[in-house]
Amino acid sequence: MEKQKVAVLGPGSWGTALAQVLNDNGHEVRLWGNIPEQIDEINTKHTNTHYFKDIILDEGIKGYKNLSEAIDGVDAILFVVPTKVTRLVAKQVAEILKHKAVIMHASKGLEPGTHERLSTILEEEIPAEYRSDIVVVSGPSHAEETIVRDITLITAASKDLLAAKYVQTLFSNDYFRLYTNTDVIGVETAGALKNIIAVGAGALHGLGYGDNAKAAVITRGLAEITRLGVKMGADPLTYSGLSGVGDLIVTGTSVHSRNWRAGDALGRGEKLEDIERNMGMVIEGISTTKVAYEIAQELGVYMPITTAIYKTIYEGADIKEAVLGMMKNEFKSENEF
């Protein structure tokens, strides 16, 4: 692939790691953020120490404070901003984008209130004449491992297979590989909903339960997010892939996962406001739990793990009682949907 100009919107941990992948592949990378001190640090010290204390970034990765300059003449734009501000940033991009570009996102969540997936938000806010079909970049990927070029396999999903293949080629190298998929609903819902199950897995650990319980919550968690995703129009096979079970495993078993760490702290009795303040990063699983619970109620989908976490976070239920309550659900066949 010829050298491409790519704007990465959001210099958080994952945005920074993906910027490095693109830079490693010889592309011109423009990393935009709205915290001036962070952008200055990227440009002068070539570090992003809030997220990576010991990593030196390549000097080719340029930080931008001005969004108009960052997206001027680029071939592709990658959104890696928190779910709650995706619409706001998309509106800003739509106001200044003057040419057609491939639009991608690598965030994982569902919009509070509207319950919309992120690709839908981008479709609504960015005029069709200025964008491709949206491409979702998602899968089992800790930024802390990608930034040190550990082997990572994820998915590029789009309704337009050619757009997905472009993104596959854009990112893929000898340590970072993408597989294509056309099930955007499945890939996005898997990426968002697995964060809830990761909170549950962390909570079990914080409560002192062992590997049996961990395996149980991850496996049954996969069943319930598949139930909801299929009801929303997804292909059930997607949940057996990288963006489904793959992402669930990596997020539900690792201390790198902020959702797992949040659940672990909840299980140990910490208050949610203290957890969020100490984390210093967005915990997408917290807001996604509320959205998923509301969608499940609306569509009549049985989601006992999501319900237990919702009651703990939003209704003040005792977390141990909520977890034990999951064990008292009605008897079901394992393959029953």
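In which sense do β6 and strand β7 pair, and over how many bridges? β6 and strand β7 (residues 152-157) are antiparallel and pair over three bridges; two strands pair if DSSP finds at least two bridges between them. The model is predicted: local features need pLDDT of at least 70 and side-chain atom pairs count only at pLDDT 80 or more, while totals for chains, interfaces and linings use all residues. Residues are numbered from 1 along each chain as its sequence is written, and side-chain values use heavy atoms, with hydrogens and water left out.

**Strands around β6**

- Helices (H or I, at least four residues) and strands (E, at least two) are DSSP runs, numbered from the N terminus.
- Strand β5 (residues 102-105) runs parallel to β6, and two bridges join them; M104 has V135 of β6 as its bridge partner.
- On the β7 side, V136 is bridged to A157.
- From strand β6 (residues 135-138), V135 and V137 point one way, V136 and S138 point the other way, and all are buried (under 20% relative accessible area, with exposed over 50% and partly exposed in between, for a 1.4 Å probe and protein chains only).
- β5, helix α5 (residues 118-125) and β6 form a right-handed β-α-β unit, meaning that, with the strands pointing away from the viewer, the path from the first strand over the helix to the second runs clockwise.

**Residue D183**

- D183 lies in the loop between β8 (176-181) and α8 (184-207).
- Beyond its neighbours within four places in sequence, D183 is in contact with A157, A234, D235 and T238 (heavy atoms within 4.5 Å).
- The D183 side chain reaches the backbone nitrogen of D235 at 3.1 Å.

Key. A polar contact is a pair of N or O atoms within 3.5 Å; within protein, one must be able to donate a hydrogen and the other to accept it, and residues adjacent in sequence count only if both atoms are side-chain atoms.
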